[in-house]
Amino acid sequence: MRTARINYYDAAPQAMKAMMELEKAASKSVLPASLQELVRIRASQINGCAYCIDLHTADALKAGETPRRLMAISVWKETPFFDARERAALLWTETLTLVAEKHAPDEIYRDVAAHFSEQELSELTFAIAAINAWNRFGVGFAMQPK
């Protein structure tokens with residue numbers, strides 16, 4: 001187990017205020033809370049952020065997710081537990097989280113966009129961008145679940 005490094009909330013309060021404003025805006029999304037949590041968990045799995053996985057798994061359970069589905073997020077392509085819209089959100093999450101490798105090709109964008117309105121797709125993308133930023137803090141500063 002790693003030891004936490006710095007308290008970035010205290011070290012950069014203005015930047016943290018901006019991140020918290022992004023979270024506040026994201027909380028007003030039209031997307032269901034359970035879908036947002038699936039996205040946050042999947043990105044956090046890819047990025048190896050134990051703190052965020054722990055936090056968002058608890059939030060997903062509160063939003064009505066089942067342990068069975070939560071345990072299957074990392075293998076969502078191989079399970080029947082996720083509907084087409086959730087699969088599209090998870091695909092977009094993986095694509096954008098690994099953007100340096102995947103480059104968000106048109107084919108994936110078209111497949112994903114078929115399941116969401118422009119507002120929903122924009123809010124989904126903000127959610128993915130935000131959790132990836134939080135993951136950088138969690139991993140970079142070795143945050144640990146409590």
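**Notebook: helix α3 and its neighbours**

I looked up which residues join two of the helices, and I found that Val 39, Arg 40, Ala 43, Ser 44 and Asn 47 of α3 meet Leu 124, Ile 128, Ile 131, Asn 132, Asn 135, Arg 136 and Val 139 of α9, contact meaning heavy atoms within 4.5 Å. By class, this contact of α3 with α9 has six nonpolar, four polar and two charged residues (Ala, Val, Leu, Ile, Met, Phe, Trp, Tyr, Cys and Pro count as nonpolar, Asp, Glu, Lys and Arg as charged, and the others, Gly among them, as polar).

I note that this is a predicted model, in which local features need pLDDT of at least 70 and side-chain atom pairs count only at pLDDT 80 or more, while totals for chains, interfaces and linings use all residues. Residues are numbered from 1 along each chain as its sequence is written, and side-chain values use heavy atoms, with hydrogens and water left out.

Next I checked the geometry: the axes of α3 (residues 33–47) and α9 (residues 118–140) come within 9 Å and cross at roughly 40° (axes are lines fitted to C-alpha atoms, for helices over the stretch in contact, and angles run from 0 to 180 degrees between N-to-C directions; helices are DSSP runs of H or I with at least four residues, numbered from the N terminus).

I then turned to α6 (residues 84–97), whose axis comes within 9 Å of that of α3 and crosses it at roughly 35°. By class, the contact of α3 with α6 has seven nonpolar, three polar and four charged residues.

Lastly, I saw that UniProt, in an unreviewed entry, lists residues 13–94 as "domain: Carboxymuconolactone decarboxylase-like", an annotation that may be inferred rather than shown by experiment. Over residues 13–94 I found the chain to be 71% helix.
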